[in-house]
Structures are given as C-alpha cells and as structure tokens.
Amino acid sequence: MTALTDFQRLEAQGSWRAAPDAPLREVIVSVGDATLVLSDPRTDRPLSHWSLPAVVQLNPGVTPAIYAPTTTGEDETVTIDDPLMIEAIARVQGAVASHRAHTGRLRNGLLVLAILAALGWLVFWLPGALIGHAARIAPPAQARDIGQAILTDLEHGSGAVCRRESGQAVLNWLAPRLLGPDAAIRVVPGPLGGARRLPGEIYVIGSDLLQTAPGPEAAAAHLVAARLASTDDALRQAAVQHAGLLASIRLMTLGHLPQAAMQGFGAAMLMNPAPRPSDADLLAALAERGIPAEPYARTIDPTGQTVLPLIEGDAFRTTPPARPLLTDEQWLALQQICAG
C-alpha cells in the first residue's frame, strides 16, 4: 500500500446500505492491505469486505462520495464525506491504474521464466489460496447467504422447510438458549440423520427427531452436538471449495456466490453421517444447558451398547433437570411444525 504512505489515519465514518432497498446504517470504513472494510462501530465486527482496486465511485467528483463494489450500483453502497478517506481511495485506484498502464519491458528469457513461474503458481497454489481467502473474509451476512443456499439445495432431497408459525416461534425462542444469539433453527420433513450445521449459524433437523421422540431433549442434544462438532470457518471453507475458483473470486469482488454455486452440496453432505463431538465435550455442554444425554444416545443406538459412556455420564440420569426444556404447549407446537 505504498500509495497510502502519506496518510496517518485510514478510518472514517460512513453510511452503508446493504442492498438498494435496505436502510442506511452507520459504519466505520477502514483501508486494509487490499480491501475496504466496513465494520460495526459498536462491536468492531466486520460487516463487509470490498476489493479496493475494484471499488467504484458512483458520483465522480461529488462529495459526499458514494462507493460500490460493482459498477452497476445495484448492490451494497457506502457514502463517505471524509476528504482524507476519499483521497486515500482515489490514490490507491490511481496507483493501480498507473501500474497497469506502465508495465515494464522484460528481456525475452526473463519473460519466459516469469511466465512459467506464474503458470506454476497459478496451477498449484493460487486456486486453493484464493478459495481459502474468500472463505476466511466472508462476513456474517455473506456466511448466512451461503448457508441459506445450502439449505435450499438440501430441500430438493428432504422437502421444503416447515414453516408453521407456532412451531417456528418455538425454534426462534429455543435457538439463542441452545446455540447462541445469531443461531437459526430450521426443520425439514425428511430425515437428516441428526442435526446439520450450515454456514452462517443455520442449523437444520429432520422432523423425525420430533415425531419419534417422547420429548424435545433428543433434538436439542443433536443441535448442541452439531454446534460442537464443527466450526463456522470450516463449514465456509468446505462450501466455498465446492463452489470453485471463479465463484470464490465473485464472492470476494461482488460479495455473493452465483445462484447455482451450492447445487449438489446438500446431497453430498447427507452422504456422510452427521459429525459428532467428543463425549466429554457433549456431556459438559448438555449438563450446562440442562439437557439429558440419554435421549440423544438412544437415537444413535437404541440398545445403548455403543453409546454407554454417554448414558453413564448423563448428569440427569437419576435426577431430571429442575426445569423442562419446553412446556407441553411448546413441544406440541414444535411437533406440528410440518403440519399443513
């Protein structure tokens, strides 16, 4: 970033609009090594990353300046009135344009070697590096979009997400208590072999966990197990790897994947059993949430032989939790979430 060596402050306030019809939101705009980062001023959590050389000013020469990650202006935009930040962005873009316009001339031999080296780098290293980078920098909103795309693909084999309002209200109440403040739980009619965690803190269970169990404890424990068994970073990495190199570049530059990028990912996911955390980690997490482990264990092995450590380590094996996980009315509403 030699184009920015004269600047001491590379942060400014801005007004961000996530979509053309979305409300304005105050953000902190900062310049990274090659990106423009938009962050929540209250939590410092990144909300979006833009490729700095690709950023365009939709109203050239006007202040406050309106920027977008694309030339169409149909995606997200940010408005900046800080002259120093506007100059910094213009300086970088000018440096990029100058660099492209004044490429040096190389001797023929060095040129051949450089091309061969670049081809080797492109073939063996760059695709994986770009895919990994795209997965790492995806902000929460993009991760949720990826998870939703996978859920849409899952629906082809498991049926459409069950949307009865009374049942979904129970899931919305339960999700932050079991999985965290940003979690969302969805139910599909078909069996999934347990709960599945998707990027963006989306969790999916099959209605069989609700219909065949005497209470909500088994489904709840499966959801907790899904949370412990994988990280959002790993899930995003797998999803972007499936999408491929060109889709990863689009994610970094435009902020979203192509519509069909996740096609087949859901089916491939269901070919493998749901991942399980260690028994010790799961028992501790269930005990903390007041959820018995035995109902979960019995869904894995009704005889209990292969899951004996889970049954014997159940903190509520002899004494039930002080409070039920759901009331009878909530449990009934949840069981009927897939009813027409």
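Mentor: We shall discuss cavities and then nonpolar cores. This is a predicted model, in which local features need pLDDT of at least 70, side-chain atom pairs count only at pLDDT 80 or more, and totals for chains, interfaces and linings use all residues. Residues are numbered from 1 along each chain as its sequence is written, and side-chain values use heavy atoms, without hydrogens and water.

Trainee: What makes a space a cavity?

Mentor: On a 1 Å grid over the protein atoms alone, a cavity is a set of points where a 1.4 Å probe fits but cannot get out; lining residues have an atom within 4 Å of a point.

Trainee: Which residues line the largest cavity, and what is their class?

Mentor: Among them are L171, I205, P216 and L223. The lining has nine nonpolar, no polar and no charged residues.

Trainee: What makes a set of residues a nonpolar core?

Mentor: Such a core consists of buried (under 20% relative accessible area, 1.4 Å probe, protein chains only) Ala, Val, Leu, Ile, Met, Phe, Trp, Tyr and Cys residues joined through side-chain atoms within 4.5 Å. The largest has 39 residues, and L223 is one of those with the most contacts inside it. A second, separate core of 19 residues includes W16 and W50.

Note on methods
1 Å grid on protein atoms, 1.4 Å probe; cavity = no way out; pocket = protein on both sides within 12 Å on 5 of 7 lines; lining within 4 Å. Nonpolar A, V, L, I, M, F, W, Y, C, P; charged D, E, K, R; others polar. Buried < 20%, exposed > 50% of the residue type's maximum accessible area, 1.4 Å probe, protein only.
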